[in-house]
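Keep the viewer open and follow along.

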Amino acid sequence: MRGWAGVLRAAAAGPGPVPGGFRERFDFGGRDVASWFPGHMAKGLRQMRASLRRADCLVEVHDARIPLSGRNPMLQEALGIRPHILVLNKMDLADPRRQLTVLEHLKQRGCSHVVFTDCQRDGNVKKIVPLVAKLVGNSPRYHRAESTEYSILVIGVPNVGKSSLINSLRRLHLKKGKATAVGGEPGITKAVLTRIQVCEKPLMYLVDTPGVLPPKLGDVETGMKLALCGAIRDHLVGEDIMADYLLYALNKRQQFGYVQRYGLAEACDDIELVLRCVALAQGRTQKVKVLTGTGNVNVTMLNYPAAAYEFLRDFRAGRLGRVTLD
């Protein structure tokens, strides 16, 4: 444990908590995000650019917990004059009190058609098809003017629920089941550009794509938020620093659901202490052989890496409360 905790403390050793409070900023320890961009995503971006000519409308899916962070600038440049809908999925995990502020910020960035969704329950998903039909009907279609069907391109960063959205639309409008594989790992949808029907009237097809991250993220904090929401694989970033940043982010937003869940006496800015409580509360232990003068002795120790993973998993499942990181 001593070595793992030492790495963790070194990563966040910058400015400590203010007296009587929490850290005012997080020290990322000089981390570089250049290596967080898998090769198949770059290939997917090139293919998507080629497919834009055949699309009448772009449906950009993003995580409602990070509505302003990590939206791919290259995708936004590619939108051009085509109708564009931003679907903020996983709204059930985001702080509902932030919705109006988020909408105002997005409007200032030129994003006026925003739909919050929870694809597990299909609620607001029913708004998408009528909105697509309305926007396409009010915009020029150029080379597709003679076509009676709608071709929709689904875009977004990894693991924000693009496949879940497509399956939800099919359930609602075609009464059919899954059309695309769904998984909690970023980049599961690797086969690009498969036409999937989602509606009969109007006749509407979607093209499901792998999510795409920009090769160079603007800053490490944006990358960390994406990683917490599952858009970047944990091992590329490191569960230790992710857990520490999550604690920092929860405290900064006064989201103290972790205190009751893990049996802490009060809110805390010490990740080692929090993970100790996580390990005890969730039974994350490991047996270690210790060599003594009388022979080997099996000692049960707390498994801090497993506790960090559990902490991240609880956040992603909404068990620490509904949190918006932006």
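Predicted model: local features only at pLDDT ≥ 70, side-chain atom pairs only at ≥ 80, totals over all residues.

D95 has a relative accessible area of 9%, so it counts as buried. R97 is exposed, because its relative accessibility is 66%. In general, side chains of opposite charge can pair when their charged atoms come close.

## The protein as a whole

Let us step back for a moment. The protein has 326 residues, and 52% of them count as buried. Its secondary structure consists of twelve helices and eight strands. Among contacts between residues at least 6 apart in sequence, 70% join residues at least 24 apart. The exposed surface comes to about 15500 Å², with carbon and sulfur atoms supplying 51% of it.

## Salt bridges

How many salt bridges are there in the protein? The count comes to ten.

| Pair | N to O distance |
|---|---|
| R23 and D269 | 3.1 Å |
| D314 and R261 | 2.8 Å |

Take R23 and D269, whose side chains meet in a salt bridge. R23 sits in the loop between α1 (2-11) and α2 (39-51), while D269 sits in the loop between α10 (257-262) and α11, so the pair ties together parts that are 246 residues apart in sequence. Are R23 and D269 buried or exposed? Both are buried. R23 and D269 also belong to a network of salt bridges that includes D244.

Now turn to D314 and R261, where the closest N and O atoms are 2.8 Å apart. This pair links distant parts of the chain, with D314 in helix α12 (residues 304-316) and R261 in helix α10, 53 residues apart. D314 has a relative accessible area of 0%, and therefore it is buried. R261 is partly exposed, because its relative accessible area is 32%.

## Helix α11

Helix α11 covers residues 271-282, twelve in number. From its first C-alpha to its last it reaches 16 Å, close to the 16 Å expected at 1.5 Å a residue. After the helix comes G283, which has a positive phi near 70 degrees.

Which residues of α11 are buried? They are I271, V274, L275, C277, V278 and A279. As background for that list, an α-helix has 3.6 residues a turn, so residues three or four places apart point the same way.

A cis peptide bond joins K201 and P202, with omega at about 0 degrees. E200 is partly exposed, because its relative accessibility is 47%. Its side chain makes a polar contact of 3.0 Å with the side chain of Q197. The C-alpha atoms of E200 and L174 are 7.1 Å apart, although 26 residues separate the two along the chain.

N159 has a phi of about 60 degrees and is found in the loop between β4 (150-155) and α6 (162-173). With 15% relative accessibility, N159 counts as buried. Q254 has a phi near 55 degrees and is placed in the loop between α9 (239-252) and α10. Q254 is exposed, because its relative accessible area is 63%.

## A nonpolar patch on the surface

Finally, look for V290, V297, V299 and M301, which form a nonpolar patch on the surface. Together they have about 250 Å² of accessible area. Which element gives the largest share of the patch? Strand β8 (residues 295-302) does, with three residues. V299 is found in this strand, and V299 counts as partly exposed because its relative accessibility is 31%. A residue needs over 30% relative accessible area to be part of a patch.

Conventions:
Residues numbered from 1 in each chain as written. Heavy atoms only, no water. Patch = residues over 30% accessible without salt bridge, like charges linked within 9 Å, V, L, I, M, F, W, Y side chains within 5 Å. Areas by Shrake-Rupley, 256 points an atom, 1.4 Å probe, with all protein chains shown as cover. Salt bridge = Lys/Arg side-chain N within 4 Å of Asp/Glu carboxyl O. Helix = DSSP H or I, 4+ residues; strand = E, 2+ residues; numbered from the N terminus. Buried < 20%, exposed > 50% of the residue type's maximum accessible area, 1.4 Å probe, protein only. Contact = heavy atoms within 4.5 Å. Expected span 1.5 Å × (residues − 1). Polar contact = N/O pair within 3.5 Å; in protein donor to acceptor, adjacent residues only side chain to side chain.
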